[in-house]
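Here are some friendly notes to read alongside the picture. Take the points one at a time, and look for each feature as you go.

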Amino acid sequence: FCLERRHLKEEDWSKVIWSGECPFELDSSLNRQNDVIWAHTPAEVQSQEKSKFSRKLMVWGAMSATVLSELHVVPNQTSLNAEYYHGIILNEYLLPALNRTAEAGPPTQQKFHHTMSESIFFA
């Protein structure tokens with residue numbers, strides 16, 4: 001992917017929108033290789049209740065050279081299908097972000113200045 005696009009100029013990259021979704025596990029179990037509990041005896045370690053199925057959270061976001069979207073948390077038990085993507089994510093999150101004109105405020109509420117996006121994406 002990258003090698004095919006290495007010739008693209010800043011103007012070309014300014015037309016690209018990167019978006020994606022990522023699931024997060026909220027009740028993940030301990031990783032015995034990486035998670036360490038320090039105690040003098042095993043009796044000092046408190047047991048943890050674990051549900052059979054871990055709770056999950058799906059988060060969507062987007063960025064380009066000129067804009068950063070707000071993160072969208074997909075409601076539980078909601079399929080991220082074309083209808084949901086078009087009706088909610090594109091219409092309520094991505095398109096409003098692309099149409100921003102504010103020059104001040106948090107990054108998720110303003111349009112980036114040319115020099116700001118240059119320092120982030122082309123440094």
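1. Of the 123 residues in the protein chain, 15% count as buried. Please keep in mind that this is a predicted model, and that a residue is called buried when its relative accessible area is under 20%.

2. Next, the overall layout. The protein chain has 3 helices and 3 strands. Followed along the sequence, these elements give the pattern α-β-β-β-α-α.

3. Let us zoom in on one pairing. E1 runs antiparallel to strand E2 (residues 56–64), and the two are joined over 9 bridges. To find a place to start, look for Ile17: its bridge partner in E2 is Ser64.

4. How many aromatic pairs are there? The count is 1 aromatic pair. Its members are Trp13 and Trp18, with 6.0 Å centre to centre and 20° between the planes. The pair counts as stacked because planes under 30 degrees apart fall in that class. Trp13 is partly exposed, at 22% relative accessibility, and Trp18 is also partly exposed, at 38%.

5. Trp18 turns up again on the surface. Together with Phe1 and Met63, Trp18 forms a nonpolar patch there, and the three have about 320 Å² of accessible area together. Phe1 belongs to the segment before helix H1 (10–13). Is Phe1 buried or exposed? Phe1 is exposed, because its relative accessible area of 54% is over the 50% cut-off.

6. Most residues other than glycine have a negative phi. Gln77 is not a glycine, yet Gln77 has a positive phi of about 65°. Where is Gln77 found? Gln77 lies in the loop between strand E3 (72–74) and helix H2 (82–98). Gln77 is also exposed, with a relative accessible area of 83%.

Note on methods. Residues numbered from 1 in each chain as written. Predicted model: local features only at pLDDT ≥ 70, side-chain atom pairs only at ≥ 80, totals over all residues. Heavy atoms only, no water. Phe/Tyr/Trp six-rings, centres within 6.5 Å; stacked < 30°, edge-to-face > 60°. Buried < 20%, exposed > 50% of the residue type's maximum accessible area, 1.4 Å probe, protein only. Patch = residues over 30% accessible without salt bridge, like charges linked within 9 Å, V, L, I, M, F, W, Y side chains within 5 Å. Areas by Shrake-Rupley, 256 points an atom, 1.4 Å probe, with all protein chains shown as cover. Salt bridge = Lys/Arg side-chain N within 4 Å of Asp/Glu carboxyl O. Helix = DSSP H or I, 4+ residues; strand = E, 2+ residues; numbered from the N terminus. Pairing = 2+ DSSP bridges.
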